[in-house]
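Here are a few exercises to work through with the model open beside you. Try each task before reading its solution.

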Amino acid sequence: MHWTEAGIEQQARWQSQSRPAAPVRVVVGDDRLSADQAYRLVQQGTGILWRGDFQNARQLLSALARRVDRQRQTPQRNSAAVTFRQHRQSRTRLAQLLGLLLVPLESDYSVPLRRAPDVALACTEAYGVADGPSVIALRELTGVIGAHQWRHKGVQIPALGARIYPHYGVFSPIRGEYLTLVSQAPLPPAVCASGGLAFDVGTGTGVLAAILGHRGANRVIATDQDWRAVDCARDNLSLLKLANRVEVVEADLFPAGRASLVVCNPPWIPAAPVSSLDHAVYDPDSNMLRRFLAGLGDHLERDGEGWLVLSDLAEHLELRSRTELLAMIDESGLVVVDRSDTVPTHRKAGDITDPLHAARSAEITSLWRLKVR
(Lines give C-alpha, C1' and ligand atoms only; values in the text may rest on other atoms or scores of the structure.)
Protein backbone atom coordinates (compact mmCIF):
# COMPACT_ATOMS: atom_id res chain seq x y z
CA MET A 1 0.00 0.00 0.00
CA HIS A 2 1.30 3.46 -0.90
CA TRP A 3 0.54 6.87 0.58
CA THR A 4 2.15 10.26 1.20
CA GLU A 5 2.81 11.43 4.76
CA ALA A 6 4.50 14.70 5.68
CA GLY A 7 5.45 15.08 2.02
CA ILE A 8 7.25 11.72 1.92
CA GLU A 9 6.17 8.69 -0.09
CA GLN A 10 5.45 5.75 2.21
CA GLN A 11 4.59 2.10 1.65
CA ALA A 12 3.68 -0.96 3.71
CA ARG A 13 2.25 -4.40 3.12
CA TRP A 14 -1.53 -4.54 2.89
CA GLN A 15 -2.84 -7.01 5.48
CA SER A 16 -6.32 -8.30 4.73
CA GLN A 17 -8.34 -11.49 4.44
CA SER A 18 -11.58 -9.72 3.55
CA ARG A 19 -10.54 -6.98 1.08
CA PRO A 20 -8.33 -8.23 -1.76
CA ALA A 21 -6.85 -4.86 -2.76
CA ALA A 22 -5.65 -1.91 -0.73
CA PRO A 23 -7.40 1.43 -1.26
CA VAL A 24 -5.78 3.45 -4.02
CA ARG A 25 -6.29 6.83 -2.36
CA VAL A 26 -5.11 7.16 1.26
CA VAL A 27 -4.92 10.18 3.56
CA VAL A 28 -3.59 10.41 7.10
CA GLY A 29 -6.11 11.17 9.85
CA ASP A 30 -5.98 11.73 13.60
CA ASP A 31 -8.14 12.88 16.52
CA ARG A 32 -8.84 16.22 14.83
CA LEU A 33 -10.78 14.52 12.04
CA SER A 34 -14.54 14.73 12.60
CA ALA A 35 -16.91 11.86 11.87
CA ASP A 36 -18.62 13.89 9.14
CA GLN A 37 -15.30 14.59 7.45
CA ALA A 38 -14.32 10.94 7.68
CA TYR A 39 -17.68 9.88 6.26
CA ARG A 40 -17.24 12.12 3.23
CA LEU A 41 -13.80 10.65 2.61
CA VAL A 42 -14.87 7.01 2.77
CA GLN A 43 -17.87 7.72 0.57
CA GLN A 44 -15.35 8.83 -2.06
CA GLY A 45 -13.42 5.56 -1.63
CA THR A 46 -10.55 7.23 0.23
CA GLY A 47 -8.76 5.25 2.93
CA ILE A 48 -7.93 6.98 6.22
CA LEU A 49 -4.69 5.85 7.85
CA TRP A 50 -5.16 6.61 11.53
CA ARG A 51 -2.37 8.25 13.54
CA GLY A 52 -4.40 9.33 16.57
CA ASP A 53 -5.66 7.55 19.69
CA PHE A 54 -6.69 3.94 19.09
CA GLN A 55 -9.83 4.14 21.23
CA ASN A 56 -10.88 7.29 19.38
CA ALA A 57 -10.50 5.33 16.14
CA ARG A 58 -12.91 2.69 17.47
CA GLN A 59 -15.40 5.42 18.35
CA LEU A 60 -15.02 6.87 14.87
CA LEU A 61 -15.72 3.45 13.37
CA SER A 62 -18.98 3.28 15.32
CA ALA A 63 -19.89 6.81 14.24
CA LEU A 64 -19.30 5.89 10.58
CA ALA A 65 -21.52 2.82 10.97
CA ARG A 66 -24.33 4.98 12.34
CA ARG A 67 -24.04 7.34 9.38
CA VAL A 68 -24.17 4.46 6.91
CA ASP A 69 -27.26 3.07 8.67
CA ARG A 70 -29.01 6.45 8.44
CA GLN A 71 -28.56 6.39 4.67
CA ARG A 72 -30.50 3.16 4.27
CA GLN A 73 -33.78 3.45 2.44
CA THR A 74 -37.04 2.96 4.30
CA PRO A 75 -38.01 -0.71 3.95
CA GLN A 76 -40.63 -1.34 1.30
CA ARG A 77 -43.10 -4.19 1.01
CA ASN A 78 -41.08 -6.35 -1.35
CA SER A 79 -40.81 -10.05 -1.99
CA ALA A 80 -38.57 -12.02 0.34
CA ALA A 81 -35.98 -12.42 -2.42
CA VAL A 82 -35.83 -8.68 -3.12
CA THR A 83 -35.62 -7.90 0.60
CA PHE A 84 -32.74 -10.37 0.94
CA ARG A 85 -30.83 -8.86 -2.01
CA GLN A 86 -31.29 -5.34 -0.64
CA HIS A 87 -30.12 -6.48 2.80
CA ARG A 88 -27.03 -8.11 1.33
CA GLN A 89 -26.25 -5.02 -0.73
CA SER A 90 -26.53 -2.77 2.32
CA ARG A 91 -24.28 -5.07 4.39
CA THR A 92 -21.73 -5.19 1.58
CA ARG A 93 -21.77 -1.39 1.29
CA LEU A 94 -21.32 -1.08 5.06
CA ALA A 95 -18.33 -3.42 4.99
CA GLN A 96 -16.76 -1.53 2.08
CA LEU A 97 -17.03 1.87 3.75
CA LEU A 98 -15.99 0.79 7.24
CA GLY A 99 -13.06 -1.10 5.73
CA LEU A 100 -11.50 2.23 4.74
CA LEU A 101 -10.53 3.25 8.29
CA LEU A 102 -6.99 1.87 8.58
CA VAL A 103 -4.41 1.37 11.34
CA PRO A 104 -0.67 0.59 11.10
CA LEU A 105 1.01 -2.55 12.38
CA GLU A 106 4.71 -2.78 13.18
CA SER A 107 6.91 -5.74 12.25
CA ASP A 108 5.97 -7.45 15.53
CA TYR A 109 2.22 -6.76 15.05
CA SER A 110 2.26 -4.01 17.67
CA VAL A 111 -0.02 -1.03 16.97
CA PRO A 112 1.95 2.25 17.25
CA LEU A 113 -1.02 4.29 18.51
CA ARG A 114 -1.94 5.65 21.93
CA ARG A 115 -4.10 3.30 24.06
CA ALA A 116 -3.75 0.49 21.55
CA PRO A 117 -4.22 -3.06 22.88
CA ASP A 118 -1.65 -5.83 22.50
CA VAL A 119 -2.81 -7.65 19.36
CA ALA A 120 0.40 -9.54 18.55
CA LEU A 121 -0.86 -12.98 19.53
CA ALA A 122 -4.26 -12.46 17.87
CA CYS A 123 -2.61 -11.36 14.60
CA THR A 124 -0.10 -14.21 14.69
CA GLU A 125 -2.95 -16.70 15.10
CA ALA A 126 -4.78 -15.15 12.16
CA TYR A 127 -1.93 -14.39 9.74
CA GLY A 128 1.16 -16.25 10.88
CA VAL A 129 4.53 -14.71 11.66
CA ALA A 130 4.80 -11.07 10.57
CA ASP A 131 7.24 -10.28 7.78
CA GLY A 132 7.40 -6.50 8.03
CA PRO A 133 5.28 -3.44 8.77
CA SER A 134 1.74 -3.54 7.43
CA VAL A 135 -1.56 -1.70 7.36
CA ILE A 136 -4.90 -3.26 8.26
CA ALA A 137 -8.53 -2.11 8.29
CA LEU A 138 -9.57 -1.39 11.86
CA ARG A 139 -12.79 -3.33 11.25
CA GLU A 140 -10.80 -6.41 10.27
CA LEU A 141 -8.45 -6.00 13.22
CA THR A 142 -11.48 -5.87 15.51
CA GLY A 143 -12.61 -9.16 13.97
CA VAL A 144 -9.17 -10.67 14.55
CA ILE A 145 -9.32 -9.64 18.21
CA GLY A 146 -12.80 -11.14 18.52
CA ALA A 147 -11.68 -14.39 16.88
CA HIS A 148 -8.76 -14.59 19.31
CA GLN A 149 -11.17 -14.29 22.24
CA TRP A 150 -13.45 -17.00 20.79
CA ARG A 151 -10.45 -19.24 20.19
CA HIS A 152 -9.45 -19.07 23.84
CA LYS A 153 -12.93 -18.94 25.37
CA GLY A 154 -14.45 -21.60 23.13
CA VAL A 155 -18.07 -22.56 22.49
CA GLN A 156 -19.79 -25.00 24.84
CA ILE A 157 -21.26 -27.98 22.96
CA PRO A 158 -23.82 -29.84 25.11
CA ALA A 159 -23.69 -32.93 22.87
CA LEU A 160 -19.98 -33.26 23.71
CA GLY A 161 -20.04 -31.99 27.27
CA ALA A 162 -17.03 -29.94 26.21
CA ARG A 163 -15.97 -26.86 24.29
CA ILE A 164 -15.00 -26.35 20.65
CA TYR A 165 -12.42 -23.66 19.91
CA PRO A 166 -12.90 -21.96 16.51
CA HIS A 167 -9.87 -20.43 14.79
CA TYR A 168 -9.83 -17.17 12.88
CA GLY A 169 -11.63 -17.56 9.56
CA VAL A 170 -13.45 -20.75 10.64
CA PHE A 171 -17.18 -20.51 11.27
CA SER A 172 -18.10 -20.90 14.93
CA PRO A 173 -20.74 -23.56 15.80
CA ILE A 174 -22.91 -21.12 17.74
CA ARG A 175 -26.19 -22.46 16.31
CA GLY A 176 -26.86 -25.52 18.43
CA GLU A 177 -29.99 -26.84 16.74
CA TYR A 178 -28.17 -28.63 13.93
CA LEU A 179 -25.73 -30.15 16.41
CA THR A 180 -28.66 -31.54 18.38
CA LEU A 181 -30.04 -33.19 15.24
CA VAL A 182 -26.73 -34.99 14.58
CA SER A 183 -26.39 -36.01 18.21
CA GLN A 184 -29.85 -37.60 18.30
CA ALA A 185 -30.32 -39.22 14.86
CA PRO A 186 -30.02 -43.05 14.96
CA LEU A 187 -26.55 -44.13 13.86
CA PRO A 188 -26.38 -46.95 11.29
CA PRO A 189 -25.14 -49.98 13.29
CA ALA A 190 -22.28 -50.58 10.86
CA VAL A 191 -20.71 -47.21 11.79
CA CYS A 192 -19.98 -48.34 15.35
CA ALA A 193 -18.94 -51.89 14.45
CA SER A 194 -15.34 -52.96 14.00
CA GLY A 195 -14.13 -51.57 10.69
CA GLY A 196 -17.01 -49.06 10.54
CA LEU A 197 -16.31 -45.75 8.84
CA ALA A 198 -18.05 -42.36 8.64
CA PHE A 199 -17.21 -39.25 6.62
CA ASP A 200 -17.82 -35.67 7.76
CA VAL A 201 -17.72 -33.53 4.60
CA GLY A 202 -16.86 -29.85 5.14
CA THR A 203 -15.94 -30.28 8.78
CA GLY A 204 -15.09 -26.67 9.73
CA THR A 205 -14.20 -26.72 13.43
CA GLY A 206 -14.57 -30.50 13.45
CA VAL A 207 -17.65 -30.36 15.68
CA LEU A 208 -19.80 -32.86 13.75
CA ALA A 209 -16.93 -35.33 13.41
CA ALA A 210 -16.36 -34.97 17.15
CA ILE A 211 -20.02 -35.70 17.87
CA LEU A 212 -19.87 -38.83 15.69
CA GLY A 213 -16.70 -40.00 17.45
CA HIS A 214 -18.19 -39.18 20.85
CA ARG A 215 -21.27 -41.26 19.98
CA GLY A 216 -19.13 -44.29 19.24
CA ALA A 217 -18.37 -44.19 15.53
CA ASN A 218 -15.49 -46.61 15.03
CA ARG A 219 -13.57 -44.30 12.70
CA VAL A 220 -14.32 -40.92 11.09
CA ILE A 221 -12.59 -39.13 8.24
CA ALA A 222 -13.34 -35.39 8.27
CA THR A 223 -12.59 -33.23 5.24
CA ASP A 224 -12.34 -29.54 4.43
CA GLN A 225 -10.76 -27.66 1.54
CA ASP A 226 -9.73 -24.72 3.77
CA TRP A 227 -6.37 -25.22 5.50
CA ARG A 228 -7.52 -23.05 8.40
CA ALA A 229 -10.44 -25.39 9.03
CA VAL A 230 -8.19 -28.46 8.77
CA ASP A 231 -5.82 -27.03 11.40
CA CYS A 232 -8.72 -25.98 13.59
CA ALA A 233 -10.43 -29.38 13.43
CA ARG A 234 -7.21 -31.22 14.21
CA ASP A 235 -6.58 -29.01 17.25
CA ASN A 236 -10.13 -29.51 18.54
CA LEU A 237 -10.11 -33.27 18.06
CA SER A 238 -6.77 -33.52 19.82
CA LEU A 239 -8.10 -31.52 22.79
CA LEU A 240 -11.15 -33.80 22.89
CA LYS A 241 -8.87 -36.87 22.82
CA LEU A 242 -10.56 -38.09 19.63
CA ALA A 243 -7.58 -37.79 17.29
CA ASN A 244 -7.07 -41.57 17.38
CA ARG A 245 -10.61 -42.06 16.10
CA VAL A 246 -11.07 -39.06 13.78
CA GLU A 247 -8.68 -38.23 10.93
CA VAL A 248 -8.82 -34.79 9.32
CA VAL A 249 -7.70 -34.41 5.71
CA GLU A 250 -7.63 -31.48 3.29
CA ALA A 251 -9.96 -32.36 0.42
CA ASP A 252 -12.66 -30.86 -1.76
CA LEU A 253 -15.75 -32.69 -0.49
CA PHE A 254 -15.26 -36.46 -0.26
CA PRO A 255 -12.20 -38.45 0.78
CA ALA A 256 -11.35 -41.60 -1.17
CA GLY A 257 -13.41 -44.72 -0.58
CA ARG A 258 -16.85 -45.48 0.83
CA ALA A 259 -18.38 -45.17 4.29
CA SER A 260 -21.46 -46.43 6.09
CA LEU A 261 -22.37 -42.86 7.01
CA VAL A 262 -21.60 -39.60 5.21
CA VAL A 263 -22.59 -36.37 6.97
CA CYS A 264 -22.61 -32.89 5.42
CA ASN A 265 -23.83 -29.53 6.67
CA PRO A 266 -23.35 -27.41 3.51
CA PRO A 267 -23.84 -23.64 3.31
CA TRP A 268 -27.56 -23.00 3.49
CA ILE A 269 -28.12 -19.93 1.29
CA PRO A 270 -27.54 -19.95 -2.51
CA ALA A 271 -25.89 -16.55 -2.82
CA ALA A 272 -22.41 -15.14 -3.34
CA PRO A 273 -20.13 -14.85 -0.28
CA VAL A 274 -18.41 -11.52 0.33
CA SER A 275 -16.01 -12.53 3.13
CA SER A 276 -14.04 -15.60 4.15
CA LEU A 277 -16.55 -16.51 6.87
CA ASP A 278 -19.43 -16.14 4.39
CA HIS A 279 -18.33 -19.34 2.65
CA ALA A 280 -19.80 -21.30 5.57
CA VAL A 281 -23.24 -19.75 4.96
CA TYR A 282 -23.43 -18.76 1.28
CA ASP A 283 -23.16 -21.24 -1.59
CA PRO A 284 -23.59 -19.70 -5.09
CA ASP A 285 -26.17 -21.64 -7.10
CA SER A 286 -26.19 -24.31 -4.35
CA ASN A 287 -22.92 -25.57 -5.84
CA MET A 288 -21.65 -27.51 -2.80
CA LEU A 289 -25.10 -28.93 -2.09
CA ARG A 290 -25.47 -30.14 -5.68
CA ARG A 291 -21.99 -31.70 -5.75
CA PHE A 292 -22.51 -33.41 -2.40
CA LEU A 293 -25.78 -34.99 -3.50
CA ALA A 294 -24.40 -35.96 -6.92
CA GLY A 295 -21.36 -37.68 -5.43
CA LEU A 296 -22.95 -39.20 -2.34
CA GLY A 297 -23.95 -42.50 -3.96
CA ASP A 298 -20.37 -43.18 -5.05
CA HIS A 299 -19.13 -42.84 -1.47
CA LEU A 300 -21.72 -44.86 0.43
CA GLU A 301 -21.41 -48.50 1.35
CA ARG A 302 -24.35 -50.74 0.49
CA ASP A 303 -27.21 -49.78 2.84
CA GLY A 304 -25.18 -46.79 4.01
CA GLU A 305 -26.81 -43.47 4.87
CA GLY A 306 -26.11 -39.89 3.91
CA TRP A 307 -27.10 -37.23 6.43
CA LEU A 308 -27.81 -33.83 4.87
CA VAL A 309 -28.15 -31.14 7.53
CA LEU A 310 -29.88 -28.17 5.93
CA SER A 311 -31.95 -25.16 6.92
CA ASP A 312 -34.96 -24.20 4.81
CA LEU A 313 -34.13 -20.48 5.16
CA ALA A 314 -33.40 -20.34 1.42
CA GLU A 315 -36.98 -21.45 0.78
CA HIS A 316 -38.43 -18.66 2.93
CA LEU A 317 -36.15 -16.18 1.14
CA GLU A 318 -37.46 -17.49 -2.21
CA LEU A 319 -33.93 -18.43 -3.30
CA ARG A 320 -34.48 -22.18 -3.61
CA SER A 321 -37.76 -24.10 -3.43
CA ARG A 322 -38.48 -27.37 -1.68
CA THR A 323 -39.38 -28.79 -5.08
CA GLU A 324 -35.86 -27.91 -6.36
CA LEU A 325 -34.23 -29.58 -3.36
CA LEU A 326 -36.26 -32.76 -3.76
CA ALA A 327 -35.45 -32.78 -7.49
CA MET A 328 -31.71 -32.59 -6.70
CA ILE A 329 -32.06 -35.55 -4.35
CA ASP A 330 -34.03 -37.58 -6.90
CA GLU A 331 -31.72 -36.75 -9.82
CA SER A 332 -28.77 -37.96 -7.72
CA GLY A 333 -30.34 -41.41 -7.42
CA LEU A 334 -31.18 -40.94 -3.74
CA VAL A 335 -34.30 -41.43 -1.66
CA VAL A 336 -35.34 -39.85 1.64
CA VAL A 337 -35.82 -42.50 4.32
CA ASP A 338 -36.49 -40.08 7.19
CA ARG A 339 -36.26 -36.45 8.22
CA SER A 340 -35.83 -34.81 11.63
CA ASP A 341 -36.73 -31.15 12.12
CA THR A 342 -35.97 -28.50 14.69
CA VAL A 343 -36.78 -24.81 15.10
CA PRO A 344 -34.14 -22.08 15.44
CA THR A 345 -33.02 -21.00 18.88
CA HIS A 346 -30.56 -18.26 17.86
CA ARG A 347 -31.10 -14.61 18.76
CA LYS A 348 -31.92 -13.37 15.25
CA ALA A 349 -34.98 -15.60 15.04
CA GLY A 350 -36.69 -13.34 17.57
CA ASP A 351 -35.32 -9.99 16.41
CA ILE A 352 -38.28 -8.15 14.89
CA THR A 353 -36.00 -5.31 13.72
CA ASP A 354 -34.10 -7.69 11.42
CA PRO A 355 -35.15 -7.07 7.78
CA LEU A 356 -35.19 -10.85 7.32
CA HIS A 357 -37.20 -11.56 10.48
CA ALA A 358 -40.19 -13.06 8.67
CA ALA A 359 -37.97 -15.67 7.03
CA ARG A 360 -35.80 -16.33 10.09
CA SER A 361 -38.77 -16.80 12.42
CA ALA A 362 -40.27 -19.42 10.07
CA GLU A 363 -36.99 -21.29 9.53
CA ILE A 364 -36.76 -25.04 10.08
CA THR A 365 -33.47 -26.94 10.18
CA SER A 366 -33.67 -30.56 9.05
CA LEU A 367 -31.53 -33.66 9.04
CA TRP A 368 -32.40 -35.57 5.87
CA ARG A 369 -31.50 -39.28 6.00
CA LEU A 370 -30.72 -40.38 2.46
CA LYS A 371 -30.00 -43.73 0.84
CA VAL A 372 -29.15 -44.83 -2.68
CA ARG A 373 -32.29 -45.76 -4.63
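**Exercise 1.** In this predicted model, find how many cavities of 30 Å³ or more there are, then describe the lining of the largest cavity.

*Solution.* The space in the largest cavity is about 30 Å³. Next, list its lining: Leu310, Ser311, Asp312, Glu315, Arg322, Leu325, Ile364, Ser366 and Trp368. Two or more lining residues come from each of β14 (300–311), α12 (322–331) and β16 (365–372). Finally, sort the lining by type, which gives 4 nonpolar, 2 polar and 3 charged residues.

**Exercise 2.** Compare the span of helix α3 with the one expected at 1.5 Å a residue, and work out what its buried residues pack against.

*Solution.* Helix α3 covers residues 80–98, 19 residues in total. From first C-alpha to last it reaches 27 Å, close to the expected 27 Å. Now apply the cut-off of under 20% relative accessible area for buried: Phe84, His87, Arg88 and Leu94 are among the residues of α3 that qualify. The buried residues of α3 pack against α1 (35–43), α2 (54–70), β6 (101–105) and α5 (138–153).

**Exercise 3.** Which residues of α5 are buried, and what covers them?

*Solution.* Leu138, Glu140, Leu141, Val144, Ile145 and Ala147 are buried in α5. Their cover includes β3 (13–15), α2, β6, α4 (120–127) and β7 (134–137).

How values were computed. Residues are numbered from 1 along each chain as its sequence is written. This is a predicted model: local features need pLDDT of at least 70, side-chain atom pairs count only at pLDDT 80 or more; totals for chains, interfaces and linings use all residues. Side-chain values use heavy atoms; hydrogens and water are left out. Helices (H or I, at least four residues) and strands (E, at least two) are DSSP runs, numbered from the N terminus. The expected span of a helix is 1.5 Å times one less than its number of residues. Buried means under 20% relative accessible area, exposed over 50%, partly exposed in between (1.4 Å probe, protein chains only). Contact means heavy atoms within 4.5 Å. On a 1 Å grid over the protein atoms alone, a cavity is a set of points where a 1.4 Å probe fits but cannot get out, and a pocket is an open set with protein on both sides within 12 Å along at least five of seven lines; lining residues have an atom within 4 Å of a point. Grid points are joined across faces, edges and corners, and a volume is the space filled by probe spheres set on the points. Ala, Val, Leu, Ile, Met, Phe, Trp, Tyr, Cys and Pro count as nonpolar, Asp, Glu, Lys and Arg as charged, and the others, Gly among them, as polar.
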